[in-house]
Amino acid sequence: MSESLQTIELELHALWLQAQEGDAACYARALKVISGYLRRYLNRRMQSQPSDVEDLVQETLLAIHQKRHTYQSEQAFTAWMYAIARYKWIDHLRAHGRREALHDDIDDWSEILSVSGDTEAADSQRDLGHMLTLLPDKQRLAIEHTKLQGLSITETAALTGQSQAAVKVNVHRGLKALATQWRVKP
Amino acid sequence: MNTDELIALLAHDAGPARGPKPQQVAGRLAVALAVCGVMVLYMGLNPKLSEFASTSVFSLKMVWLFAMVVFSAALVYRMVHPGRQMGNAPWAIGLALLAMGGQGMSQLLQAPVAQRSALALGTSWQVCTLNIAFIALPVLAALMWTLRDMAPTRPALTGAMAGLCAGALAAMLYSLHCTENSFTFYALWYSGGMGLSALVGAVLGARFLRW
């Protein structure tokens with residue numbers, strides 16, 4: 001266990017610091033690696049609610065993103081990452097524990113049988129399209145163009161008539177608003 | 001939504017992580033402390049403050065309160081950074097409280113029985129605890145505002161420690177008003193004020209520091 005934790009630490013620490021310099025590709029790679037570890041961590045702890053694992057992976061990823069300034073570079077990255085995962089897991093148990101106990105659906109069984117591998121990204125129960133419609137237009141457009149249509153900041157700025165700085169700000173604010181909505185499932 | 005989609009979305013927002021700006025935090029605290037100052041002025045300064053301030057009882061109390069501020073602030077700082085251990089701060093806080101408690105107890109036991117109630121209750125025991133907790137509110141609000149941007153993995157406990165810190169700061173300011181001069185009084189009612197503030201902080205933390 002401690003040896004594998006060390007491996008994860010070595011892999012992630014450097015990647016993360018590099019990503020924080022502002023390298024988007026690096027950041028995407030770091031998040032991808034992190035999501036694999038989160039999935040493994042949560043799969044192990046949520047065997048009775050496998051359908052919630054991917055939701056929680058995403059929620060934790062978003063938390064890691066939004067609270068990334070709380071990571072201190074001299075600290076073990078894995079300690080920080082798992083502390084957040086643990087917080088989100090416990091928060092989830094607190095919010096859903098009672099409901100899950102009463103809820104015994106036959107679908108739960110089929111989902112146990114079809115549970116995906118640890119490193120394979122899966123769908124959560126959240127509908128991004130629906131959540132986006134709840135955002136102010138400026139933020140929604142900024143996110144739709146940059147992410148969903150894969151345009152650059154410059155292209156989005158030209159298309160929407162917003163300045164490049166405004167596009168960045170709107171993507172940022174939109175993500176923040178999405179995070180707030182995160183708890184309310186569509 | 002697929003997790004890979006989310007990752008691509010987040011990667012667009014890559015860049016150096018920005019936390020609350022130190023100037024901003026300092027600004028909020030300064031405003032809060034100014035409000036506290038006005039509250040204390042409204043209650044009225046101790047008319048014999050300059051005399052009283054040079055006594056060893058006063059300086060010892062201030063050192064004690066300052067230590068409480070530092071220890072609880074250190075603990076809060078650690079608690080809002082996920083994965084950090086609490087370290088020695090809880091022990092330091094406990095020891096500081098115990099030290100004043102012991103001092104107050106020994107003062108009480110050494111005094112003649114007839115004077116004991118005066119030592120313990122002074123003239124302001126009914127208002128001291130509430131006053132301190134009240135003065136602590138602006139500081140607590142400023143702290144909570146900042147802590148919301150951090151990542152406390154124990155929201156209620158973090159709120160409580162922020163309340164303790166605000167309470168200790170408030171008690172230092174309240175000392176400019178307070179005329180009590182027994183350790184027994186401080187151990188009981190000043191600790192009570194900080195404790196009450198911590199309780200308020202715990203309630204607020206459980207409510208507002210979740211993320």
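This briefing describes the chains, helix packing, charged residues and selected positions of the structure shown above. The structure is a predicted model, in which local features need pLDDT of at least 70 and side-chain atom pairs count only at pLDDT 80 or more, while totals for chains, interfaces and linings use all residues. Residues are numbered from 1 along each chain as its sequence is written, chains are lettered from A and ligands numbered from 1 in the order in which they are written, and side-chain values use heavy atoms, with hydrogens and water left out.

**Chains**

- Chain A has 9 helices and 0 strands, where helices (H or I, at least four residues) and strands (E, at least two) are DSSP runs numbered from the N terminus.
- Along its sequence, chain A follows the pattern α-α-α-α-α-α-α-α-α.
- Of the 186 residues in chain A, 47% are buried; buried means under 20% relative accessible area, exposed over 50%, and partly exposed in between (1.4 Å probe, protein chains only).
- Among the contacts in chain A with a separation of 6 or more, 66% are between residues 24 or more positions apart; a contact means heavy atoms within 4.5 Å.
- Chain B likewise comes to 9 helices and 0 strands, and its elements run α-α-α-α-α-α-α-α-α from the N terminus on.
- In chain B, 47% of the 211 residues count as buried, and residues 24 or more positions apart account for 86% of the contacts with a separation of 6 or more.
- Taken along the principal axes, the C-alpha atoms of chain B fill a box of roughly 75 × 30 × 25 Å.

**Helix packing in chain B**

- Two packed helices are described by the angle between their axes and the distance between the axes.
- The axes of helix α8 (residues 155–174) and helix α9 (residues 183–208) of chain B come within 6 Å and cross at roughly 145°; axes are lines fitted to C-alpha atoms, for helices over the stretch in contact, and angles run from 0 to 180 degrees between N-to-C directions.
- The residues making this contact include B:Gly159, B:Gly163 and B:Gly167 of α8(B), and B:Gly201 and B:Gly205 of α9(B).

**Salt bridges**

- Side chains of opposite charge can pair when their charged atoms come close.
- Over all chains there are 6 salt bridges, a salt bridge being a side-chain nitrogen of Lys or Arg within 4 Å of a carboxyl oxygen of Asp or Glu.
- One of them joins the side chains of A:Lys88 and A:Glu59 at 3.6 Å, N to O.
- This pair links distant parts of the chain, with A:Lys88 in helix α4 (residues 77–102) and A:Glu59 in helix α3 (residues 53–66) of chain A, 29 residues apart.
- Both A:Lys88 and A:Glu59 are buried.
- Another salt bridge is formed by A:Asp91 and B:Arg210, whose closest N and O atoms are 2.5 Å apart.
- A:Asp91 lies in helix α4 of chain A and B:Arg210 in the segment after α9 of chain B, so this pair joins two chains.
- A:Asp91 is buried, with a relative accessible area of 4%, whereas B:Arg210 is partly exposed at 39% relative accessibility.
- A:Asp137 and A:Arg140 also meet in a salt bridge (3.0 Å, N to O).
- These two residues are 3 residues apart in helix α7 (residues 137–148) of chain A, and therefore about one helical turn separates A:Asp137 from A:Arg140.

**Buried charged residues without a salt bridge**

- B:Arg28, in helix α2 (residues 22–43) of chain B, is buried yet has no salt bridge, and the nearest side chain of opposite charge, B:Asp149, is 4.7 Å away; Lys and Arg count as positive and Asp and Glu as negative, while His and the chain ends are not counted.
- The side chain of B:Arg28 does make a polar contact of 3.0 Å with that of B:Thr146; a polar contact is a pair of N or O atoms within 3.5 Å, where within protein one must be able to donate a hydrogen and the other to accept it, and residues adjacent in sequence count only if both atoms are side-chain atoms.
- Apart from neighbours within four places in sequence, B:Arg28 is in contact with B:Ala142, B:Trp145 and B:Thr146.
- B:Lys61, in helix α4 (residues 56–79) of chain B, is also buried without a salt bridge, and the nearest side chain of opposite charge, B:Glu180, is 9.1 Å away.
- Beyond its neighbours within four places in sequence, B:Lys61 touches B:Met100, B:Ser175, B:Tyr186 and B:Tyr190.

**Two further positions in chain B**

- B:Gly104 lies in helix α5 (residues 89–110) and is buried at 1% relative accessibility.
- B:Gly104 and B:Thr184 are 80 residues apart in sequence and 3.6 Å apart in space, C-alpha to C-alpha.
- B:Gln126, in helix α7 (residues 125–147), is exposed, with a relative accessible area of 60%.
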